[in-house]
Amino acid sequence: MSTNPFYYDVIVAGFGGQGVLAIGNLLAYAAMKEGRHVTYLPTYGVEMRGGTANCTVVISSKEIGSPIVHRPHAVISMNLPSLLKYGVRVQPNGLLMVNSSLIDLKEVSRNDVDLLAIPVNDMAIENGNPRMANMIALGAFVEKTKLVEATSVFDSLEKVFDERHHSLIPSNIKAIQIGMEYVKALQK
Amino acid sequence: MDQDSEKILVRGNEAVAMGAIDAGCRLFFGYPITPQNEIPEYLSKHLPPLGGEFIQAESEIASINLLLGASATGARAMTSSSSPGISLMQEGISYMAGSELPVVIVNISRSGPGLGGISASQGDYFQATRGGGHGDYRTLVLAPSTVQEMYDLTYLAFDLADKYRNPTIVLGDALIGQMKEPLLRRKPEKMTLPQKDWALTGAKGRKPNRIKSLYLQEGELTEHNWKLYQKYERMKKEEIRFEMVHTDDAEFILVAFGSMARVSKTALELARNEKMKVGLFRPITLFPYPEKPLYDLSKQAKKFLTVELNTGQMVEDVRLSVHREAEVFFYGKPPGALPPPEEILEEIKKYYG
């Protein structure tokens, strides 16, 4: 880990059941493994499948004050309502990642941000498991931002997922790699 | 139980449960309510294998009375709830203060009044720090601000309860309860504590002990109340805890506790970036309140801004502490959206200079 001061925050948002909280948890866990300070703040309570869900993750080289973030460095929006709600809050020159399987890019109103459009649902279906869309998004985000090492994310899976889901870890790793490869290809 | 050597990423609520287990608590009584359910959830799984008991009672009133009975035997025991549930427990808390029973009560507070809502709030400050139930009593009140403190202060709460034979409240809120942060499950040093020779353990070979809060003989209750008073005065001398950030050269002091202290800490950094000499005072014990250190600061800084998730409660203690040495301003947010640091920075600018 570098000793330079480091600070990054991201809001991950979508509808309940899309796995946005898992994305946030894995990012936070991986960063903690790399010696960073982290906070993970979920929405909670009166949410349900199909309702909105979001979490805020802060990663820093020093102790973190506020876990609440108004203008994040990045937003990962997995559906249209979350783009409309949080897309406007990304810092200028920040990263706006959108799930272009569910979001028409005409809906993106910002031209002062780095837009990364990934059709994560389509890619997940193509690869045989529609439930892995969130892991593809995570892989793409990690490759784009280099916030954490991919291996730290892989190592975090067994910590974040309940033991009864550990048999699914290899397919999650594969999905993360698919997301990473997609961004690598874009950057060539 | 082995201590985990490396950091784990857990919710504040889980950290409370772990702190209780590591402090030797083996008895939990409670009734479910959002946003503290991860505490009973964790304990229901982990207490029985340790030989403990987890009881989901039929109500908060039953829970607090089960707690009274358990602690009367000298056992370490706790309950947790959230604001409306804590209101239901007030009669029992008053009885335990009167009977001098050492228990830990965790309030992961939510918004009120009434059933209110499940969002974070600091609206229970008065209830926690002024006794809460009937009669002239106080509870020790600890206000964690990080997940690590949720663990450390829960652990400490058991020691303080035993040291003073007094109910001790851990006052968190939905934000600190639900958020995750790295936790080092280190066992803090344990206090040297008095023997529990008052406990009801069966009177074999000794005179029976009595645990009660009813005193009808002439003069008895006066004496009992003075005894309790002495105890609260001793807490004020020995148990003040607080944190100060950048106060050395500060001309303007933010005062906030729990979740709001975190947001204020970032607001302070933003203010420092703009060359404003702002400091932060964070009470960790809400009772006893750190009056003296706050008063001392008022000789150096002439403006104080209290930030709370309510419409003005702790600000009264800040005013009482600084007397008339400084101006005390207030920024409050009733239940709803949580203020980002930029919002507090705007408030600082309003009064600074």
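I started with the buried residues of H5(B): B:Gly92, B:Ile93, B:Ser94, B:Tyr95, B:Met96, B:Ala97 and B:Gly98. Buried here means 20 or more other C-beta atoms within 10 Å of the residue's own; exposed means 12 or fewer, partly exposed is in between, and C-beta atoms are placed from the backbone. Helices (H or I, at least four residues) and strands (E, at least two) are DSSP runs, numbered from the N terminus.

I noted that this is a predicted model, where local features need pLDDT of at least 70, side-chain atom pairs count only at pLDDT 80 or more, and totals for chains, interfaces and linings use all residues. Residues are numbered from 1 along each chain as its sequence is written, while chains are lettered from A and ligands numbered from 1 in the order in which they are written.

**H5 and H3 of chain B**

I looked up how enclosed H5(B) is. The helix covers residues 90-99, and seven of its 10 residues are buried, so H5(B) is largely enclosed by the rest of the structure. I then asked what covers those residues. The cover includes helix H3 (60-72) and strand S5 (104-111) of chain B. After H5(B) comes B:Glu100, with a positive phi near 55 degrees.

I moved to H3(B). Its buried residues are B:Glu60, B:Ser63, B:Ile64, B:Leu66, B:Leu67, B:Leu68, B:Ala70, B:Ser71 and B:Ala72. They pack against strands S2 (27-30), S3 (53-56) and S4 (77-81), helix H4 (83-88) and H5 of chain B. Contact means that C-beta atoms, placed from the backbone, lie within 7 Å.

I checked the length of H3(B) as well. The expected span is 1.5 Å times one less than the number of residues. For the 13 residues of H3(B) that gives 18 Å, and the end C-alpha atoms are 18 Å apart, which agrees. B:Gly74 follows H3(B) and has a positive phi, near 95 degrees.

**Chain B as a whole**

I find 13 helices and 15 strands in chain B. Its C-alpha trace spans about 70 × 50 × 40 Å along the principal axes. The radius of gyration is taken over C-alpha atoms, and the globule rule is 2.2 Å times the number of residues to the power 0.38. A compact globule of 353 residues would come near 20 Å; chain B has 20 Å, which agrees. Of the 353 residues, 53% count as buried. Among contacts with a separation of 6 or more, 79% are between residues 24 or more positions apart.

**Two domains in chain B**

I took the bounds from an automatic or database domain assignment. For chain B it gives domain 1 (8-193 + 226-238) and domain 2 (242-351). Their centres, over C-alpha atoms, are 26 Å apart. The contact takes 27 residues from domain 1 and 21 residues from domain 2.

I asked which elements of domain 1 give two or more residues to that side. They are strand S6 (117-120), helix H6 (125-129), strand S7 (140-142), strand S8 (168-173), helix H8 (174-178) and helix H9 (220-238) of chain B. H6(B) gives the largest share, four residues. By class, this side of domain 1 has 13 nonpolar, 11 polar and three charged residues. For the classes, Ala, Val, Leu, Ile, Met, Phe, Trp, Tyr, Cys and Pro count as nonpolar, Asp, Glu, Lys and Arg as charged, and the others, Gly among them, as polar.

**Chain A**

I count six helices and six strands in chain A. Along the sequence the pattern runs β-α-β-β-β-α-β-β-α-α-α-α. The radius of gyration is 15 Å, close to the 16 Å of the globule rule for 188 residues, so chain A is as compact as a globular protein of that length. Buried residues make up 47% of the 188.

**Where the chains meet**

I looked up the A-B contact. It joins 17 residues of chain A to 19 residues of chain B. On the chain A side, helix H1 (20-33) and strand S2 (37-42) each supply at least two residues. S2(A) gives the largest share, five residues. The chain A side divides into 12 nonpolar, five polar and no charged residues.

**The largest nonpolar core**

I define a nonpolar core as buried Ala, Val, Leu, Ile, Met, Phe, Trp, Tyr and Cys residues joined through C-beta atoms within 7 Å. The largest has 160 residues; A:Ile76, A:Met97, A:Ile136, A:Ala137, B:Leu142 and B:Leu254 touch the most other members. Helix H7 (residues 147-164) of chain B gives the most, 11 residues. Both domains of chain B contribute at least three residues each.

I followed A:Ile136 last. Beyond its neighbours within four places in sequence, A:Ile136 is in contact with A:Val120, A:Met123, A:Ala124, A:Ala175, A:Ile178 and A:Gly179.

Note on methods:
Two residues are in contact if their C-beta atoms, placed from the backbone, lie within 7 Å.
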